[in-house]
Amino acid sequence: MGNRGSVRIDCGGKAGRYAVHADWPDGLSGQERQISECGTGIELPFTAVRRGSWTMPDLWLGWSTPWRLFQRVQVLRGAREIAVVPDIRPLQSGEISVRVRSELFGVKENSLIGEGSEFHQLRDFVPGMDVRSIDWKRSARHRGLLAKEMRAERNHHIVLCVDAGRLMREEIAGLPKVDHAVNAALALAWAGAIGGDLVGFFSYDARPRIYLPPVQGRGGFARIRSRSADVAYASVEANHTLAFAELGARTPRRSLLVVFTDFTDPTTAGLLVENLGVLARRHAIIFVALRNPDDEPPIGTAPASLDAVAATVVRSERATERHRVMDSLRRIGLTVLDCAPGKVTPRLIAAYLELKARDVI
């Protein structure tokens with residue numbers, strides 16, 4: 001993460017020279033021992049190295065008596081929770097805002113009028129307009145032909161579903177897959193907030209863990225960002241059947257479900273296809289799989305040994321199985337994104353805007 005912060009220790013108004021010993025948790029990095037001058041308090045700087053909710057352990061505070069005859073030690077019981085959340089400065093740089101606003105409120109607006117499901121306004125019917133748009137009741141009342149103009153809705157429900165199971169702990173480009181998924185989910189949450197949609201959040205591993213109902217505006221985005229620290233790095237298999245059953249029960253209204261997950265074996269893949277097929281009957285779904293570039297079979301390079309030949313065969317079989325599963329998901333109506341982590345966010349935003357433009361949600 002690389003974000004910096006500090007823990008403040010109250011010295012009780014006693015100025016002096018203090019020795020502080022701290023055992024930092026895994027997600028925080030700082031000096032284990034330091035000597036500090038205390039006026040109104042002591043600041044212990046740290047660097048956040050991993051997303052999560054971390055509990056500060058006990059701190060040992062030592063100081064000498066006025067005549068330096070004794071050394072006093074006080075144990076400060078650690079009970080403070082420090083939440084480490086993803087850095088959103090790249091999201092707020094303006095690139096996503098410009099793209100969403102230009103698509104929804106710029107030139108694209110002209111093509112959305114007349115193609116959506118939300119009533120916009122009445123206007124005089126002119127030759128060339130669709131006859132089916134005529135409002136005959138109002139036309140009879142005004143003794144002139146009036147046509148309805150429709151536009152795409154903007155208050156759609158979007159639920160971001162992050163799998164935090166064992167397979168999502170695999171590291172790609174220095175980060176676990178689940179962290180890449182959380183970062184991409186926050187990017188889409190920001191785009192949805194700008195686009196006027198209601199965005200919710202759902203996380204699961206062996207059972208459902210976090211559910212935040214869809215909320216509109218940037219306040220909803222801030223809520224999702226704060227709870228993203230609670231998405232754990234689980235060591236258990238994800239239970240897709242239980243999770244998607246819970247998600248379907250919690251989202252009765254047609255929504256856009258964005259599922260971040262991955263699979264390695266045919267059994268898991270089969271369960272994914274089956275359960276997502278049930279959800280696809282009611283909802284629009286974007287399926288996001290994070291591909292590890294190291295698992296791609298080499299192209300144009302001859303294997304140097306028998307071990308390399310065997311590894312290439314295994315990678316090719318996995319790639320073939322993966323493509324077969326992706327095709328199955330596309331056939332049941334899902335929008336499928338299978339790409340490296342660095343390409344997920346732009347493709348995800350593009351898919352979201354395309355579904356809005358087509359009024360699929």
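View 1. D179 is buried, with a relative accessible area of 2%. The model shown here and in every view below is predicted. D179 sits in helix α4. Which residues does D179 touch, leaving aside those up to four places away in sequence? The contacts are R51 and Y233.

**View 2. The whole chain, for orientation.** The protein holds 9 helices and 19 strands. Of its 361 residues, 45% are buried. The accessible surface comes to about 19100 Å². Carbon and sulfur atoms account for 52% of that surface. Take the contacts between residues at least 6 apart in sequence: 70% of them join residues at least 24 apart.

**View 3. The largest nonpolar core.** This core has 46 residues. Which members touch the most other members? They are L160, L256, V258, F260, I286 and L348. Helix α4 (residues 177-194) gives the most to this core, with 12 residues. A second core of 24 residues is separate. Its members include V159, F263, F287 and V336.

**View 4. Surroundings of Phe260.** F260 is one of the core residues that touch the most other members. Residues up to four places away in sequence are not counted here.

View 5. Helix α6 spans residues 240-250. Its buried residues are H240, A243, F244, L247 and G248. Why do they lie on the same side of α6? They cover an arc of only 130° around the axis. On the other side of α6, A245 and A249 are exposed. What covers the buried residues of α6? The cover includes the strands β12 (157-163), β15 (198-204), β16 (208-216) and β17 (256-261). It also includes α7 (266-280).

View 6. E246 and R250 form a salt bridge. The closest N and O atoms are 2.7 Å apart. Both residues lie in helix α6, and because they are 4 residues apart, about one helical turn separates them. E246 is partly exposed, with a relative accessible area of 27%. R250 is partly exposed too, at 40% relative accessibility.

View 7. Side chains of opposite charge can pair when their charged atoms come close. Here the side chains of R166 and E237 meet in a salt bridge, at 2.3 Å from N to O. The pair links distant parts of the chain, 71 residues apart. R166 is in the loop between β12 and β13 (171-172). E237 is in the loop between α5 (218-227) and α6. Are these residues buried or partly exposed? R166 counts as partly exposed, at 38% relative accessibility. E237 also counts as partly exposed, at 42%.

View 8. The side chains of R322 and D262 meet in a salt bridge, at 3.1 Å from N to O. R322 lies in helix α8 (residues 306-331) and D262 in the loop between β17 and α7, so the pair ties together parts that are 60 residues apart in sequence. R322 is buried, with a relative accessible area of 14%. D262 is buried as well, at 3% relative accessibility. Which residues are linked with them in a network of salt bridges? The network joins E170, K177, D262, R291, R322 and D338. The count of salt bridges comes to 13.

**View 9. A nonpolar patch on the surface.** W60, V73 and V75 form this patch. Together they have about 250 Å² of accessible area. V73 is found in strand β8 (residues 71-76). Why does V73 count as exposed? Its relative accessibility is 56%, and the cut-off for exposed is over 50%.

View 10. A173 has a positive phi of about 55°, although it is not a glycine. Where is the place of A173? A173 is in the loop between β13 and β14 (175-176). A173 counts as exposed, at 73% relative accessibility.

Methods: Residues are numbered from 1 along each chain as its sequence is written. This is a predicted model: local features need pLDDT of at least 70, side-chain atom pairs count only at pLDDT 80 or more; totals for chains, interfaces and linings use all residues. Side-chain values use heavy atoms; hydrogens and water are left out. Patches are made of residues with over 30% relative accessible area and no salt bridge: like charges are joined within 9 Å, nonpolar side chains (Val, Leu, Ile, Met, Phe, Trp, Tyr) within 5 Å. Accessible areas come from the Shrake-Rupley method with a 1.4 Å probe; for residues, only the protein chains shown count as cover. A salt bridge is a side-chain nitrogen of Lys or Arg within 4 Å of a carboxyl oxygen of Asp or Glu. Helices (H or I, at least four residues) and strands (E, at least two) are DSSP runs, numbered from the N terminus. Buried means under 20% relative accessible area, exposed over 50%, partly exposed in between (1.4 Å probe, protein chains only). A nonpolar core is a set of buried Ala, Val, Leu, Ile, Met, Phe, Trp, Tyr and Cys residues joined through side-chain atoms within 4.5 Å. Contact means heavy atoms within 4.5 Å. The arc is that of the directions from the helix axis to the C-beta atoms.
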